[in-house]
Amino acid sequence: MSMTLTRRSFAAAAMALAAMIAMPQKTFAQDLTKLTFIQEWPVPDGFWIPWILGSKKGFYAEEGLEIEIVTPPTVADTMKFLGTGQAQVAFTTVMDVIFAKEQQAPVVAIGRYGRSNNWGILSPEGKPLTIADLKGKTIGIYNDAWTLAQLSMMLADGGMTIDDVKTVAASDDTVPLLLQNRVDAITGITNAEGTGMLTTGGQKAEFLPATAHGVPNTPIFMLAANEPWLKENPEKAKAFLRATRKSIEYAVANPEEAIAAFAELYAKAYDGKFIDQQWKDTIPLFGAMDASLMVNDEADWTALLAALKKFDVVKKIEAPSAYYTNEYIAQ
(Lines give C-alpha, C1' and ligand atoms only; values in the text may rest on other atoms or scores of the structure.)
Protein backbone atom coordinates (compact mmCIF):
# COMPACT_ATOMS: atom_id res chain seq x y z
CA MET A 1 0.00 0.00 0.00
CA SER A 2 1.44 3.37 -0.96
CA MET A 3 1.84 6.06 1.68
CA THR A 4 1.58 9.78 1.09
CA LEU A 5 2.75 12.76 3.14
CA THR A 6 0.85 16.02 2.77
CA ARG A 7 0.60 19.07 5.00
CA ARG A 8 -2.50 17.72 6.70
CA SER A 9 -2.07 13.97 6.53
CA PHE A 10 0.67 11.39 6.78
CA ALA A 11 0.76 7.61 6.92
CA ALA A 12 0.65 6.20 10.43
CA ALA A 13 3.96 4.44 9.91
CA ALA A 14 5.70 7.81 9.77
CA MET A 15 4.75 8.51 13.38
CA ALA A 16 7.41 6.13 14.57
CA LEU A 17 10.01 7.78 12.34
CA ALA A 18 9.25 11.26 13.61
CA ALA A 19 9.76 10.89 17.35
CA MET A 20 13.14 12.59 17.44
CA ILE A 21 15.68 13.76 14.90
CA ALA A 22 18.87 15.79 14.87
CA MET A 23 22.36 14.49 14.88
CA PRO A 24 24.73 16.88 13.13
CA GLN A 25 27.20 15.31 10.75
CA LYS A 26 30.16 17.30 11.98
CA THR A 27 31.95 16.35 15.17
CA PHE A 28 32.90 19.07 17.66
CA ALA A 29 35.17 18.75 20.65
CA GLN A 30 32.94 20.68 23.02
CA ASP A 31 29.94 19.19 24.75
CA LEU A 32 26.72 20.11 23.01
CA THR A 33 23.69 21.42 24.84
CA LYS A 34 20.59 19.49 23.77
CA LEU A 35 17.44 21.50 23.10
CA THR A 36 14.07 19.83 22.74
CA PHE A 37 12.41 21.48 19.74
CA ILE A 38 8.69 20.66 19.67
CA GLN A 39 6.89 21.03 16.34
CA GLU A 40 3.47 22.36 15.32
CA TRP A 41 2.11 19.17 13.76
CA PRO A 42 1.98 15.49 14.86
CA VAL A 43 3.73 14.37 11.67
CA PRO A 44 6.63 15.83 9.66
CA ASP A 45 6.10 18.44 6.98
CA GLY A 46 8.22 20.50 4.63
CA PHE A 47 8.19 23.56 6.88
CA TRP A 48 10.78 21.77 9.04
CA ILE A 49 13.31 21.57 6.23
CA PRO A 50 15.60 24.38 7.52
CA TRP A 51 16.37 22.77 10.88
CA ILE A 52 16.55 19.28 9.43
CA LEU A 53 19.15 20.51 6.94
CA GLY A 54 20.83 22.79 9.50
CA SER A 55 21.28 19.86 11.86
CA LYS A 56 22.80 17.77 9.09
CA LYS A 57 25.17 20.58 8.06
CA GLY A 58 26.29 21.12 11.66
CA PHE A 59 25.00 24.68 11.99
CA TYR A 60 23.55 24.03 15.44
CA ALA A 61 26.63 22.12 16.56
CA GLU A 62 28.75 25.11 15.56
CA GLU A 63 26.73 27.08 18.12
CA GLY A 64 27.25 24.40 20.78
CA LEU A 65 23.76 22.99 20.39
CA GLU A 66 22.10 19.74 19.44
CA ILE A 67 18.40 20.01 18.63
CA GLU A 68 16.03 17.14 19.23
CA ILE A 69 13.13 17.62 16.82
CA VAL A 70 10.04 16.18 18.48
CA THR A 71 6.56 15.77 17.07
CA PRO A 72 3.66 16.37 19.49
CA PRO A 73 1.02 13.67 20.06
CA THR A 74 -1.65 16.12 18.80
CA VAL A 75 -1.70 19.71 17.53
CA ALA A 76 -2.97 20.80 20.94
CA ASP A 77 0.14 19.48 22.68
CA THR A 78 2.79 21.79 21.25
CA MET A 79 2.12 24.58 23.72
CA LYS A 80 1.68 22.08 26.54
CA PHE A 81 5.20 20.78 25.95
CA LEU A 82 6.57 24.31 25.72
CA GLY A 83 4.60 25.79 28.60
CA THR A 84 5.55 23.03 31.02
CA GLY A 85 9.22 23.13 30.05
CA GLN A 86 9.26 19.68 28.45
CA ALA A 87 10.53 21.55 25.38
CA GLN A 88 12.67 24.67 25.40
CA VAL A 89 11.78 25.90 21.92
CA ALA A 90 8.91 25.35 19.50
CA PHE A 91 7.82 25.78 15.91
CA THR A 92 4.22 26.86 16.23
CA THR A 93 1.57 29.30 15.02
CA VAL A 94 0.94 32.86 16.05
CA MET A 95 -2.50 31.93 17.32
CA ASP A 96 -1.17 29.08 19.44
CA VAL A 97 1.09 31.59 21.18
CA ILE A 98 -1.84 33.93 21.76
CA PHE A 99 -4.16 31.21 23.03
CA ALA A 100 -1.42 29.87 25.30
CA LYS A 101 -0.83 33.30 26.79
CA GLU A 102 -4.56 33.59 27.43
CA GLN A 103 -4.16 30.47 29.57
CA GLN A 104 -1.19 32.15 31.31
CA ALA A 105 1.33 29.71 29.87
CA PRO A 106 4.94 31.00 30.11
CA VAL A 107 5.63 31.09 26.37
CA VAL A 108 6.69 33.84 23.99
CA ALA A 109 7.39 34.18 20.26
CA ILE A 110 11.10 34.81 19.63
CA GLY A 111 11.20 34.90 15.83
CA ARG A 112 8.90 34.82 12.85
CA TYR A 113 8.91 32.21 10.08
CA GLY A 114 7.96 34.11 6.96
CA ARG A 115 6.87 37.70 6.58
CA SER A 116 3.17 37.58 5.80
CA ASN A 117 -0.19 35.91 6.20
CA ASN A 118 -0.68 33.71 3.13
CA TRP A 119 -4.08 32.37 4.20
CA GLY A 120 -7.15 32.84 2.07
CA ILE A 121 -9.87 31.25 -0.05
CA LEU A 122 -8.88 28.79 -2.76
CA SER A 123 -11.09 27.81 -5.68
CA PRO A 124 -10.53 25.62 -8.76
CA GLU A 125 -8.25 26.85 -11.50
CA GLY A 126 -10.14 29.07 -13.90
CA LYS A 127 -12.86 29.84 -11.35
CA PRO A 128 -11.64 32.90 -9.42
CA LEU A 129 -13.91 34.31 -6.73
CA THR A 130 -14.47 37.78 -5.36
CA ILE A 131 -15.75 38.52 -1.87
CA ALA A 132 -19.22 39.18 -3.31
CA ASP A 133 -19.13 35.80 -5.06
CA LEU A 134 -18.85 34.00 -1.71
CA LYS A 135 -22.46 34.67 -0.77
CA GLY A 136 -24.37 31.41 -0.81
CA LYS A 137 -21.25 29.36 -1.59
CA THR A 138 -20.22 26.17 0.23
CA ILE A 139 -16.75 26.53 1.74
CA GLY A 140 -14.53 23.80 3.15
CA ILE A 141 -12.91 24.93 6.39
CA TYR A 142 -10.90 23.77 9.38
CA ASN A 143 -13.01 24.02 12.49
CA ASP A 144 -10.65 26.15 14.59
CA ALA A 145 -11.14 29.61 16.06
CA TRP A 146 -8.61 31.42 13.86
CA THR A 147 -9.98 29.97 10.61
CA LEU A 148 -13.49 31.05 11.55
CA ALA A 149 -12.25 34.48 12.65
CA GLN A 150 -10.35 35.10 9.41
CA LEU A 151 -13.29 33.95 7.31
CA SER A 152 -15.59 36.21 9.33
CA MET A 153 -13.26 39.17 8.75
CA MET A 154 -13.18 38.53 5.01
CA LEU A 155 -16.96 38.23 4.81
CA ALA A 156 -17.39 41.39 6.88
CA ASP A 157 -15.27 43.22 4.30
CA GLY A 158 -17.94 42.24 1.79
CA GLY A 159 -20.85 43.19 4.04
CA MET A 160 -21.64 39.59 4.96
CA THR A 161 -21.50 37.29 7.97
CA ILE A 162 -20.72 33.62 8.38
CA ASP A 163 -24.45 32.94 8.02
CA ASP A 164 -24.22 34.03 4.37
CA VAL A 165 -22.16 30.96 3.45
CA LYS A 166 -22.40 27.26 4.12
CA THR A 167 -19.33 25.72 5.76
CA VAL A 168 -18.18 22.12 5.69
CA ALA A 169 -15.51 21.22 8.27
CA ALA A 170 -12.70 18.92 7.12
CA SER A 171 -11.26 16.47 9.61
CA ASP A 172 -7.70 16.89 8.38
CA ASP A 173 -7.54 18.28 4.82
CA THR A 174 -9.81 20.61 2.88
CA VAL A 175 -8.23 19.84 -0.50
CA PRO A 176 -10.15 16.57 -1.15
CA LEU A 177 -13.41 18.42 -0.52
CA LEU A 178 -12.64 20.76 -3.41
CA LEU A 179 -11.23 18.13 -5.75
CA GLN A 180 -14.30 15.96 -5.20
CA ASN A 181 -16.59 18.94 -5.99
CA ARG A 182 -18.17 18.74 -2.54
CA VAL A 183 -17.54 22.45 -1.94
CA ASP A 184 -17.16 25.56 -4.08
CA ALA A 185 -14.02 26.76 -2.33
CA ILE A 186 -11.78 25.98 0.62
CA THR A 187 -9.79 27.88 3.23
CA GLY A 188 -6.06 27.33 3.46
CA ILE A 189 -2.57 28.64 2.80
CA THR A 190 -0.63 28.84 -0.43
CA ASN A 191 2.15 26.48 0.68
CA ALA A 192 -0.12 23.75 2.07
CA GLU A 193 -3.57 23.59 0.49
CA GLY A 194 -2.30 25.51 -2.55
CA THR A 195 0.52 23.01 -2.86
CA GLY A 196 -1.91 20.12 -2.48
CA MET A 197 -4.14 21.44 -5.24
CA LEU A 198 -1.16 21.53 -7.58
CA THR A 199 0.45 18.19 -6.70
CA THR A 200 -2.70 16.15 -6.07
CA GLY A 201 -5.21 17.92 -8.28
CA GLY A 202 -2.88 18.97 -11.08
CA GLN A 203 -4.13 22.54 -11.04
CA LYS A 204 -3.02 25.93 -9.81
CA ALA A 205 -5.81 27.02 -7.50
CA GLU A 206 -7.26 30.51 -7.72
CA PHE A 207 -6.41 32.42 -4.54
CA LEU A 208 -8.41 35.15 -2.81
CA PRO A 209 -6.00 36.55 -0.18
CA ALA A 210 -7.38 37.29 3.25
CA THR A 211 -5.03 40.24 3.70
CA ALA A 212 -6.74 42.04 0.81
CA HIS A 213 -10.02 41.83 2.68
CA GLY A 214 -9.59 42.97 6.25
CA VAL A 215 -7.36 40.26 7.75
CA PRO A 216 -4.08 41.37 9.40
CA ASN A 217 -0.87 40.51 7.60
CA THR A 218 0.77 38.87 10.61
CA PRO A 219 2.92 35.83 9.71
CA ILE A 220 1.19 32.55 10.52
CA PHE A 221 4.18 30.62 11.88
CA MET A 222 6.50 31.50 14.75
CA LEU A 223 9.48 30.21 16.66
CA ALA A 224 8.65 30.34 20.36
CA ALA A 225 10.38 29.56 23.63
CA ASN A 226 9.66 28.73 27.26
CA GLU A 227 10.04 31.99 29.20
CA PRO A 228 11.76 30.62 32.35
CA TRP A 229 14.28 28.85 30.12
CA LEU A 230 14.86 32.06 28.16
CA LYS A 231 15.65 34.04 31.29
CA GLU A 232 18.13 31.41 32.46
CA ASN A 233 19.71 30.76 29.05
CA PRO A 234 19.73 33.97 26.96
CA GLU A 235 22.95 33.08 25.14
CA LYS A 236 21.65 29.64 24.17
CA ALA A 237 18.48 31.24 22.83
CA LYS A 238 20.56 33.62 20.73
CA ALA A 239 22.67 30.71 19.52
CA PHE A 240 19.53 28.76 18.56
CA LEU A 241 18.21 31.67 16.51
CA ARG A 242 21.58 32.28 14.84
CA ALA A 243 21.74 28.64 13.77
CA THR A 244 18.11 28.67 12.64
CA ARG A 245 18.64 31.81 10.59
CA LYS A 246 21.70 30.25 8.95
CA SER A 247 19.66 27.11 8.30
CA ILE A 248 16.85 29.08 6.63
CA GLU A 249 19.29 31.02 4.48
CA TYR A 250 21.10 27.87 3.38
CA ALA A 251 17.90 25.92 2.70
CA VAL A 252 16.52 28.80 0.60
CA ALA A 253 19.76 29.08 -1.38
CA ASN A 254 20.06 25.31 -1.86
CA PRO A 255 16.52 23.97 -2.32
CA GLU A 256 17.49 20.65 -3.89
CA GLU A 257 19.92 19.83 -1.08
CA ALA A 258 17.27 20.93 1.43
CA ILE A 259 14.61 18.66 -0.03
CA ALA A 260 17.10 15.79 -0.22
CA ALA A 261 17.84 16.16 3.52
CA PHE A 262 14.14 15.77 4.26
CA ALA A 263 13.89 12.79 1.92
CA GLU A 264 16.84 11.13 3.63
CA LEU A 265 14.86 10.98 6.88
CA TYR A 266 11.45 10.14 5.46
CA ALA A 267 12.20 8.15 2.31
CA LYS A 268 9.98 5.26 3.40
CA ALA A 269 6.84 7.33 3.87
CA TYR A 270 6.59 10.65 2.09
CA ASP A 271 5.32 12.16 -1.11
CA GLY A 272 8.41 13.62 -2.76
CA LYS A 273 6.38 15.59 -5.28
CA PHE A 274 4.43 17.34 -2.52
CA ILE A 275 7.45 18.18 -0.34
CA ASP A 276 9.43 19.40 -3.34
CA GLN A 277 6.63 21.76 -4.32
CA GLN A 278 5.85 22.77 -0.74
CA TRP A 279 9.38 23.97 -0.11
CA LYS A 280 9.41 25.85 -3.42
CA ASP A 281 6.09 27.47 -2.42
CA THR A 282 7.49 28.36 1.01
CA ILE A 283 10.71 30.02 -0.12
CA PRO A 284 9.09 33.25 -1.44
CA LEU A 285 7.38 33.79 1.92
CA PHE A 286 10.73 34.48 3.61
CA GLY A 287 11.42 37.48 1.41
CA ALA A 288 14.86 39.08 1.47
CA MET A 289 17.59 37.36 3.45
CA ASP A 290 18.36 40.56 5.35
CA ALA A 291 18.60 41.57 9.01
CA SER A 292 14.82 41.64 9.41
CA LEU A 293 14.31 38.03 8.28
CA MET A 294 13.10 36.71 11.65
CA VAL A 295 12.28 39.99 13.40
CA ASN A 296 8.71 40.33 14.65
CA ASP A 297 6.99 43.56 13.61
CA GLU A 298 5.05 45.33 16.37
CA ALA A 299 2.61 46.79 13.84
CA ASP A 300 1.68 43.28 12.69
CA TRP A 301 0.98 42.15 16.25
CA THR A 302 -0.96 45.31 17.07
CA ALA A 303 -3.22 44.85 14.06
CA LEU A 304 -3.74 41.17 14.80
CA LEU A 305 -4.60 41.70 18.45
CA ALA A 306 -7.02 44.49 17.57
CA ALA A 307 -8.78 42.20 15.08
CA LEU A 308 -8.99 39.39 17.62
CA LYS A 309 -10.55 41.75 20.12
CA LYS A 310 -13.02 43.11 17.58
CA PHE A 311 -14.18 39.64 16.55
CA ASP A 312 -14.14 38.32 20.13
CA VAL A 313 -11.70 35.51 19.36
CA VAL A 314 -9.72 36.03 22.55
CA LYS A 315 -11.35 37.26 25.75
CA LYS A 316 -8.39 39.12 27.18
CA ILE A 317 -5.85 40.98 25.06
CA GLU A 318 -2.51 42.11 26.46
CA ALA A 319 0.05 44.54 25.03
CA PRO A 320 1.93 43.20 21.95
CA SER A 321 5.15 42.97 23.97
CA ALA A 322 3.56 40.25 26.11
CA TYR A 323 3.42 37.90 23.12
CA TYR A 324 6.74 38.38 21.37
CA THR A 325 10.30 39.57 21.82
CA ASN A 326 13.13 40.38 19.42
CA GLU A 327 15.67 40.44 22.24
CA TYR A 328 17.36 37.21 21.20
CA ILE A 329 17.75 37.97 17.48
CA ALA A 330 21.09 39.35 16.33
CA GLN A 331 20.43 42.76 14.78
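**Burial and helix packing**

Guide: In α12, the buried residues are Phe274, Ile275, Gln278, Trp279, Thr282, Ile283, Leu285 and Phe286. Buried stands for under 20% relative accessible area, exposed for over 50%, and partly exposed for what lies in between, with a 1.4 Å probe and protein chains only. The model is predicted, so local features need pLDDT of at least 70 and side-chain atom pairs count only at pLDDT 80 or more, while totals for chains, interfaces and linings use all residues. Residues are numbered from 1 along each chain as its sequence is written, and side-chain values use heavy atoms, with hydrogens and water left out.

Visitor: Against which elements do the buried residues of α12 pack?

Guide: They pack against α2 (49-57), β4 (107-113), α8 (193-199), α10 (234-253) and α11. The names follow DSSP runs numbered from the N terminus: helices are H or I with at least four residues, and strands are E with at least two.

Visitor: What makes α11 and α12 oblique?

Guide: Helix α11 (residues 255-266) packs on helix α12 (residues 272-286) at an angle of about 135 degrees, and the axes are 10 Å apart. That value makes α11 oblique to α12. By the definition, angles under 35 degrees are roughly parallel, over 145 roughly antiparallel, 65 to 115 roughly perpendicular, and the rest oblique. The axes are lines fitted to C-alpha atoms, for helices over the stretch in contact, and the angles run from 0 to 180 degrees between N-to-C directions.

Visitor: Which residues of α11 and α12 meet?

Guide: From α11 come Pro255, Glu256, Ala258, Ile259 and Phe262, and they meet Ile275, Asp276, Trp279, Lys280 and Ile283 in α12. Contact means heavy atoms within 4.5 Å. By class, this contact of α11 with α12 has seven nonpolar, no polar and three charged residues. Ala, Val, Leu, Ile, Met, Phe, Trp, Tyr, Cys and Pro count as nonpolar, Asp, Glu, Lys and Arg as charged, and the others, Gly among them, as polar.

Visitor: Why is α10 called roughly perpendicular to α11?

Guide: α10 and α11 pack at an angle of about 110 degrees, with their axes 5 Å apart. That makes α10 roughly perpendicular to α11. Tyr250, Ala251, Val252 and Ala253 in α10 meet Pro255, Glu257 and Ala258 in α11. The residues of this contact of α10 with α11 divide into six nonpolar, no polar and one charged.

Visitor: What makes α2 and α10 roughly perpendicular to each other?

Guide: The angle between α2 and α10 is about 100 degrees, with their axes 8 Å apart. The two helices are therefore roughly perpendicular to each other. Ile49, Pro50, Trp51, Leu53, Gly54 and Lys57 in α2 meet Thr244, Ser247, Ile248, Tyr250 and Ala251 in α10. By class, the contact of α2 with α10 has seven nonpolar, three polar and one charged residues.

Visitor: Why is α2 described as largely enclosed by the rest of the structure?

Guide: Seven of its nine residues are buried, so α2 is largely enclosed. The buried residues of α2 are Ile49, Pro50, Trp51, Ile52, Leu53, Gly54 and Ser55. Just after α2, Gly58 takes a positive phi of about 90 degrees.

Visitor: Why is Ile52 called buried?

Guide: Its relative accessible area is 5%, and therefore Ile52 counts as buried. Leaving aside neighbours within four places in sequence, Ile52 is in contact with Ile69, Ala261, Phe262, Leu265 and Tyr266. The C-alpha atoms of Ile52 and Ala251, 199 residues apart along the chain, are separated by 9.5 Å.

Visitor: Why is Gln104 counted as exposed?

Guide: Gln104 has 72% relative accessibility, and so it counts as exposed. Its place is in the loop between α5 (94-102) and β4. Phi of Gln104 is near 65 degrees, a positive value in a residue other than glycine.

Visitor: What makes Asp312 partly exposed?

Guide: Asp312 has a relative accessible area of 47%, and is therefore partly exposed. It lies in the segment after α13 (298-310), and its phi is near 55 degrees, again positive in a residue other than glycine.
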